[in-house]
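Please find below a colleague's note on the model shown here.

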Amino acid sequence: MSLSDVLAPLQQPLFTLLGTPVSWTEVLGFGSGALCVWLVARQHIANWPVGIANNVLFVLLFTQAGLYADAGLQVVFITLAVYGWWTWTHGGGPGSDALPVRRTTRTEWTWLLAAGVVGTVALTLLLDRATDSDVPFWDALTTALSLTATYGQCRKRLESWWLWIAADVVYVPLYVYKELYLTALLYIGFMTLCVLGLRHWSRDPAARRALPVPDGGARQDTTAEATT
């Protein structure tokens, strides 16, 4: 029995939405994705194994839809999930096992912006020349945004939620265009969960120490990592 024979049942239509068949892969991706984001918002370590399962499902879904950068992105997500899983449990430093929420530093923003621009341009060219993708730029842009957001999530950077929101704003119309209606609906839900996650992480004591104060200054985080 080949791998395609094993995966075939997941690709069978479960029901029809707006005249388009919805597969088991998309339904399971919907459920595991929503659960994963909710767990991240609650800073629950179980988000990482749930997220890995979600990534595997989306590899299958996006490959079928011709979203090759997004499919490849899921493989990168799995690697980053292993890193994030370890960091959340071992990255708190001396005297702490848990990684606290922090603000993104100016240096990190510079590197993230540079990596995002370079990644978007490079992936756009690659997809345009090496695949049959009809949305190379948008596929590349969402990939770059998702990678920078995932880095922030791995390091528990508060502003990673803003990057996820920006990615979701592009993802929703992209998936509608590709007739992945259930996935588009999922990403609308993701945006809502991202807002809730942003609010929840903002209340973390470590993040609040670096928030601006009314006199124009800023609360200083007592950890060296919060300064640039």
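**Note on the predicted model**

1. The chain exposes about 11,600 Å², and carbon and sulfur atoms supply 68% of it. Accessible areas come from the Shrake-Rupley method with a 1.4 Å probe, and for residues only the protein chains shown count as cover. Of the 228 residues in the chain, 44% are buried; buried means under 20% relative accessible area, exposed over 50%, and partly exposed in between (1.4 Å probe, protein chains only).

2. On provenance, this is a predicted model, in which local features need pLDDT of at least 70 and side-chain atom pairs count only at pLDDT 80 or more, while totals for chains, interfaces and linings use all residues. Residues are numbered from 1 along each chain as its sequence is written, and side-chain values use heavy atoms, with hydrogens and water left out.

3. The chain has 9 helices and 2 strands, arranged along the sequence as α-β-β-α-α-α-α-α-α-α-α. Helices (H or I, at least four residues) and strands (E, at least two) are DSSP runs, numbered from the N terminus. Among contacts between residues at least 6 apart in sequence, 63% join residues at least 24 apart; contact means heavy atoms within 4.5 Å.

4. Under "transmembrane region", an unreviewed UniProt entry lists residues 22-41, 48-65, 71-88, 109-127 and 180-198. UniProt positions are given in the numbering used here, feature names are shortened, and annotations may be inferred rather than shown by experiment. In the model, residues 71-88 are 100% helix and 0% strand, with end C-alpha atoms 25 Å apart. The span 109-127 is likewise 100% helix and 0% strand, and its end C-alpha atoms lie 26 Å apart.

5. How many cavities of 30 Å³ or more does the structure hold? There are 2. A cavity is a set of points, on a 1 Å grid over the protein atoms alone, where a 1.4 Å probe fits but cannot get out; lining residues have an atom within 4 Å of a point. Grid points are joined across faces, edges and corners, and a volume is the space filled by probe spheres set on the points.

6. The largest cavity contains about 400 Å³ of space. Its lining comprises 26 residues, with C36, N55, F77, Q153 and W164 nearest the centre. Two or more lining residues come from each of α2 (24-41), α3 (47-65), α4 (68-90), α6 (136-154), α7 (160-177) and α8 (181-202). The largest share, 7 residues, belongs to α3. By class, the lining has 16 nonpolar, 9 polar and 1 charged residues. Here Ala, Val, Leu, Ile, Met, Phe, Trp, Tyr, Cys and Pro count as nonpolar, Asp, Glu, Lys and Arg as charged, and the others, Gly among them, as polar.

7. The second largest cavity holds about 40 Å³ of space. Its lining consists of T104, W109, L112, T148, Y151, G152, R157, E159, S160 and L163, which divide into 4 nonpolar, 4 polar and 2 charged residues. At least two lining residues come from each of α5 (106-130), α6 and α7, and α6 gives the largest share, 3 residues.

8. T124 counts as buried because its relative accessibility is 17%. Leaving out residues up to four places away in sequence, T124 touches P136, F137 and A140. V118, by contrast, counts as exposed at 56% relative accessibility. The C-alpha atoms of V118 and A144 are separated by 8.8 Å, although the two residues are 26 apart along the chain.

9. In helix α2, L39 is buried, with a relative accessible area of 8%. Beyond neighbours within four places in sequence, L39 is in contact with H44, A46, N47 and V50. The C-alpha atoms of L39 and G51, 12 residues apart along the chain, are separated by 9.6 Å.

10. Q43, in the loop between α2 and α3, has a positive phi of about 55 degrees although it is not a glycine. K156, in the loop between α6 and α7, also has a positive phi of about 55 degrees without being a glycine. K156 counts as buried, at 5% relative accessibility.

Note on methods: 1 Å grid on protein atoms, 1.4 Å probe; cavity = no way out; pocket = protein on both sides within 12 Å on 5 of 7 lines; lining within 4 Å.
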